[in-house]
Amino acid sequence: MMADTVHTAETTAREYDIVIVGGGPAGLAAAAAAKRAGNDSILILERDHELGGILNQCIHNGFGLHTFKEELTGPEYAWRFIQQVYDLGIEYKLNTMVMDISEDRVVTAMNREDGMFQIRAKAVILAMGCRERPRGALNIPGYRPAGIFSAGTAQRLVNMEGYMPGKEVVILGSGDIGLIMARRMTLEGAKVKVVAELMPYSGGLKRNIVQCLDDFGIPLKLSHTVVDIEGKEHITAVTIAEVGPDRRPVPGTEERYTCDTLLLSCGLIPENELSKAAGVELSPVTSGPVVNESLETSIPGVFACGNVLHVHDLVDYVSEEAARAGENAVKYIQGLGEAQNEGAADPAAEARRITLIAKQGVRYTVPSTIDPEKMDDLLTVRFRVGDVYKDSYVSVYFDDERVSHMKKRIIAPGEMEQVILQKSKLTGAGIRNITIMIEKE
């Protein structure tokens with residue numbers, strides 16, 4: 001299954017067919033799918049002390065409705081996939097930090113037991129998840145007092161470590177984690193005074209706005225931001241103000257709230273330092289890798305899935321996407337379609353390649369390119385919009401011909417959208433571009 005274990009770069013590296021970086025929901029689903037597709041040489045590398053990733057701290061329900069047709073908590077959902085990894089006998093290493101991935105798929109990692117070691121992989125699946133946008137990116141004036149947390153940090157403190165960050169809370173940003181923590185803090189006895197959102201729309205799911213704010217009488221103030229933080233040693237109050245179309249505070253709209261806690265829920269960023277260092281092409285919109293129909297990045301044999309690719313709103317979609325990555329990694333290793341290994345050197349593959357164009361309200365698409373001969377019979381293309389659109393259409397164009405025109409009552413940035421493409425309609429059609437856009441009529 002693998003070569004002799006070594007601990008130094010000077011000798012032969014260990015060898016696995018597939019190395020998966022990350023043991024969260026994406027990595028687990030990719031590993032299980034790859035194993036079921038017939039590959040036995042799989043290794044998961046996880047930097048935490050347990051598998052499951054961020055789901056371990058997401059103790060609220062609402063997970064698994066698509067995947068398991070029942071409502072589960074985050075840890076329950078994670079356990080379903082952890083159990084699959086156990087049952088399938090897939091190898092994994094915990095407390096292991098991946099330091100580098102080379103273009104020829106040599107993975108350098110380290111942990112306390114093995115020290116620094118290298119693994120030569122035939123395929124690598126990137127499944128590192130995402131991280132929260134830090135306060136430093138928000139340009140909030142004031143000192144740096146205690147009592148300011150990212151929403152995810154507060155979630156871990158409350159749900160896993162048993163600490164309450166505070167009793168009087170203001171939340172900046174209406175991402176899903178912030179909305180969920182508004183409810184969680186309220187249930188633990190805190191008073192959540194307000195949720196302020198810079199944009200004129202919420203960044204979270206509609207169901208979370210209803211269940212986490214409306215049901216508890218917590219006000220959501222859109223087009224508002226924090227303009228001042230009081231307190232030198234510990235936060236004592238914040239001032240929020242309305243912002244105009246230029247996102248600058250409007251004088252005279254300031255409101256002051258006393259508080260001992262400020263939670264920041266201002267967006268998630270794919271965790272792509274490793275990808276960037278490896279030379280993977282990243283999207284300027286998503287900050288995740290640019291991938292093709294197989295979820296393969298610009299480096300042959302390196303695949304990406306889950307929140308490291310683009311930030312998802314439902315973990316069910318993460319698992320579905322990751323399973324495709326696992327299956328496609330096995331196909332790559334089996335050599336199904338030698339053009340994949342040759343990449344740009346295969347003129348026939350380049351001639352077939354279709355570029356997906358996000359236009360007129362659509363911010364990006366995943367994937368970015370398609371080779372019709374290598375896609376599945378049905379291919380899900382996921383995307384997000386950049387504004388709220390009511391009574392509009394999601395339109396799909398094959399070159400200049402509109403082939404789909406789907407009416408949507410509301411389309412919002414907080415909810416991922418998708419269109420399904422059929423292989424039979426693309427193969428041999430000579431299509432160069434597929435454009436996805438929002439139209440009013």
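Gly-74 sits in helix H2, which covers residues 74-88; helices here are DSSP runs of H or I with at least four residues, strands are runs of E with at least two, and both are numbered from the N terminus. The model is a predicted one, in which local features need pLDDT of at least 70 and side-chain atom pairs count only at pLDDT 80 or more, while totals for chains, interfaces and linings use all residues. Residues are numbered from 1 along each chain as its sequence is written, and side-chain values use heavy atoms, with hydrogens and water left out.

Is Gly-74 buried or exposed? Gly-74 is buried, because its relative accessible area is 0%; buried means under 20%, exposed over 50%, and partly exposed in between, with a 1.4 Å probe and protein chains only. Leaving aside neighbours within four places in sequence, Gly-74 is in contact (heavy atoms within 4.5 Å) with Leu-55, Cys-58, His-60 and Phe-63. Arg-382 is 308 residues from Gly-74 in sequence, and their C-alpha atoms are 23 Å apart in space.

Cys-212 belongs to helix H5, residues 206-213. Cys-212 is also buried, with a relative accessible area of 0%. Leu-179 is 33 residues away along the chain, yet the two C-alpha atoms are separated by 5.8 Å.

Helix H3, residues 151-159, is mostly covered, as 7 of its 9 residues are buried. Among them are Ala-151, Leu-157 and Val-158.

Now take the chain as a whole. It has 10 helices and 27 strands, and 53% of its 441 residues are buried. A compact globule of 441 residues would have a radius of gyration near 22 Å, and the chain has 23 Å, which agrees. This radius is taken over C-alpha atoms, and the globule rule is 2.2 Å times the number of residues to the power 0.38. Of the contacts with a separation of 6 or more, 62% are between residues 24 or more positions apart.

In soluble globular proteins, nonpolar side chains tend to be buried together. A nonpolar core is a set of buried Ala, Val, Leu, Ile, Met, Phe, Trp, Tyr and Cys residues joined through side-chain atoms within 4.5 Å. Which residues have the most contacts inside the largest such core? They are Ile-18, Ile-20, Ile-101 and Ile-125, in a core of 64 residues. Helix H7 (residues 315-334) gives the most to this core, with 8 residues. Apart from this core lies another of 20 residues, including Leu-356 and Met-375.

Some backbone details remain. Val-366 and Pro-367 are joined by a cis peptide bond, with omega about 5°. Pro-367 is in the loop between strand E21 (362-366) and strand E22 (369-370). Ser-223 is not a glycine, but has a positive phi of about 55°. Ser-223 lies in the loop between strand E13 (220-222) and strand E14 (224-230), and is buried at a relative accessible area of 18%. Asp-399, not a glycine either, has a positive phi of about 55°. Asp-399 is in the loop between strands E24 (389-398) and E25 (401-411), and is partly exposed because its relative accessible area is 30%.
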